[in-house]
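I opened my notebook to keep track of what I looked up here. Come along and check each entry against the picture.

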Amino acid sequence: MQLPGGVYLPVGREIAVFSVDAFIAALSALNIISAFLLSIYALHQGVLFVLFLRSHLSRSRSPCASESRQSQPDQSLNASISDGRWPCVTVQAPLYNEQFVAQRLIEALCRLDYPAELLQIQVLDDSTDDTARIAQAAVEAGRAAGVPIELIHRDHRAGFKSGALAHALPLARGEFIVLFDADFIPPPDFLRRVLAPGGPFDDPEVGFVQTRWGYLDRDTAPLKRAQALLLDMHFGVDQPARSSWRLPMNFNGSAGVWRRACIDAVGGWQSDTLTEDLDLSYRAQLAGWRGVYRLDLVSPGELPASVISFKRQQARWARGTAQCLRKLAGRVMRSSWSPARKLAGLMHLSGYMTYPLLFLLAVTAPLLAMNAHGQPIMPSWMSLIGLPGLLPMLSMFIAHCQQGRPVRHFARDLPAAVLLGIGLAWSNTLATVLGLLSPASGVFVRTPKLVAVQNAQRAVEGSSSHLTARHPILDEYTEAPDWTVIVEAGLALYVLGVCLMLARLGEWLAMLPLVLYGLSFSAIVLGQLVSVVKGRRRFTTSTLSTLSLFSPSLQSPSHKSASSSSQMRSAD
């Protein structure tokens with residue numbers, strides 16, 4: 001092969017040059033396609049944002065509209081119980097090794113303001129630790145106070161949460177089934193507000209009602225503020241838009257109500273996915289039922305306490321959502337839904353596909369930048385594709401301000417939320433691929449609820465300098481990073497290494513877009529390392545004494561003996 005200037009290139013080297021060019025061309029195409037598909041998902045978020053604004057403005061102009069009744073719930077609370085319009089309700093609370101929050105949840109359920117003759121509370125316990133004993137004691141205390149509450153214990157975890165719900169459903173007497181996860185504290189008037197005459201369930205087509213999640217610990221740490229900001233977009237914009245325009249929406253697994261007839265009609269709870277709530281939601285809507293979202297009714301719960309917990313929770317949601325996509329996409333396409341509803345449903349079910357696309361961008365962009373030699377990586381028109389990426393941030397901003405939170409707090413929390421979202425790209429990509437390809441449903445990994453422990457630690461912080469060995473029971477509530485952190489560390493080094501090389505070459509414009517990827521992966525890795533350091537921190541004797549208020553299994557032998565003697569004296 002003759003090159004310009006009369007230079008000849010051997011055939012082997014010619015093939016090598018061609019292979020490199022072909023590889024770079026393939027990377028470029030992959031990068032462009034990923035960016036384009038991501039922009040489509042961002043535009044979908046923009047559509048939901050516009051629909052939210054339209055429905056919000058419509059309710060403002062028409063206070064007598066049916067949806068506006070949700071914003072005036074107090075009028076229905078005065079409705080008489082004796083008129084026979086209030087239904088029988090079963091409240092279900094699934095637990096698995098939640099000894100630090102089990103009592104708090106059960107006590108909150110016992111405070112629900114609803115006639116005892118129309119109420120049934122089921123505590124569904126699959127625990128293998130002290131949770132079962134704590135839950136039993138709290139249930140007995142509730143029953144002694146006249147609350148119709150019972151404990152249903154399984155000595156196995158078959159089907160995980162969905163298995164527990166399916167096991168208890170035949171024992172439920174209620175016309176409506178209310179669900180609360182272990183970390184939630186339902187307000188006392190929850191049942192009256194969501195089941196009041198004149199509410200959503202007056203429509204016989206309504207199969208489930210989802211309420212908004214609140215956060216007990218939002219302002220306790222930057223990580224939790226970032227999580228809350230990401231979730232605000234879903235609960236503040238996405239769900240109201242889908243509900244108002246009757247687009248496919250999902251039940252979120254907690255703080256919501258199902259019509260019992262709807263659950264039975266569509267085949268009940270199934271455990272072939274890790275997101276049984278999303279699965280049941282779509283099966284119900286495909287069968288002709290619909291969901292309603294209550295933006296005005298807030299049920300507070302906890303946010304994951306560490307990066308490791310949040311990462312595993314998100315991986316479970318990603319894998320479960322991909323499993324639902326694999327299971328239900330065909331049914332959506334064959335349904336009688338309108339083309340718009342089908343498209344909205346498929347975009348919703350495939351929402352976690354944004355992470356594989358983001359991962360491809362993060363991997364290809366540094367190589368393309370190194371090969372660009374100071375030239376733009378992409379054509380100038382490609383910059384337009386990135387503009388829709390601002391739409392999710394706009395939704396987060398509106399959802400943030402909707403709660404009356406200061407704008408400066410949004411500006412403070414947004415960078416952490418962006419880093420957190422991008423940093424999960426590898427973990428959620430792996431989970432999504434497993435959900436799409438693996439026939440196994442996977443293991444339902446619970447998210448530890450540690451607010452009670454943390455509050456106990458704060459209560460005695462600095463009260464004693466005498467240190468003891470870490471108590472074994474706390475190991476059950478402390479997570480360690482899995483092997484994915486190694487890949488994330490490699491990605492951080494790879495991207496930041498390319499950034500350093502570009503900086504030394506003076507190619508600052510090519511470097512700057514890559515910094516965000518490098519910082520995001522670094523933040524996820526550092527966050528997991530910090531979780532490990534905090535998790536291995538030793539506890540003072542007085543801390544363990546305080547923790548024993550939440551779980552006697554944390555007591556030292558001497559404390560247990562003293563406690564037992566005291567209880568015997570009290571019994572006498």
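**Helix on the sheet.** I looked up helix 8 (residues 276-286) and found it lying across strand 7, strand 8 and strand 9, at about 40 degrees to strand 8. For contact I took heavy atoms within 4.5 Å. Helices (H or I, at least four residues) and strands (E, at least two) are DSSP runs, numbered from the N terminus. Axes are lines fitted to C-alpha atoms, for helices over the stretch in contact, with angles from 0 to 180 degrees between N-to-C directions.

**Ground rules.** I am reading a predicted model, where local features need pLDDT of at least 70, side-chain atom pairs count only at pLDDT 80 or more, and totals for chains, interfaces and linings use all residues. Residues are numbered from 1 along each chain as its sequence is written, and side-chain values use heavy atoms, leaving out hydrogens and water.

I followed seven strands through an open, mixed sheet in the order 5-4-3-6-8-7-9. Its edges are strand 5 (149-153) and strand 9 (290-301), each of which pairs on one side only. Neighbouring strands of this sheet are turned by 20 degrees against each other on average, direction ignored. Pairing calls for at least two DSSP bridges between two strands. Strand 7 (residues 206-215) and strand 8 (residues 256-259) are antiparallel partners over three bridges; I noted Val209, whose bridge partner in strand 8 is Val257.

**Confidence.** I checked pLDDT, the predictor's confidence in each residue, from 0 to 100. The chain has a mean of 84, and 77% of its residues reach 70 or more. Residues 63-77 stay under 50, and the model has 21 contacts for them beyond four places in sequence. Residues 455-472 also stay under 50, with 32 such contacts. Where pLDDT is low, the predicted coordinates should not be read in detail.

**Phi angles.** Phe160, in helix 4, has a positive phi of about 55 degrees although it is not a glycine.
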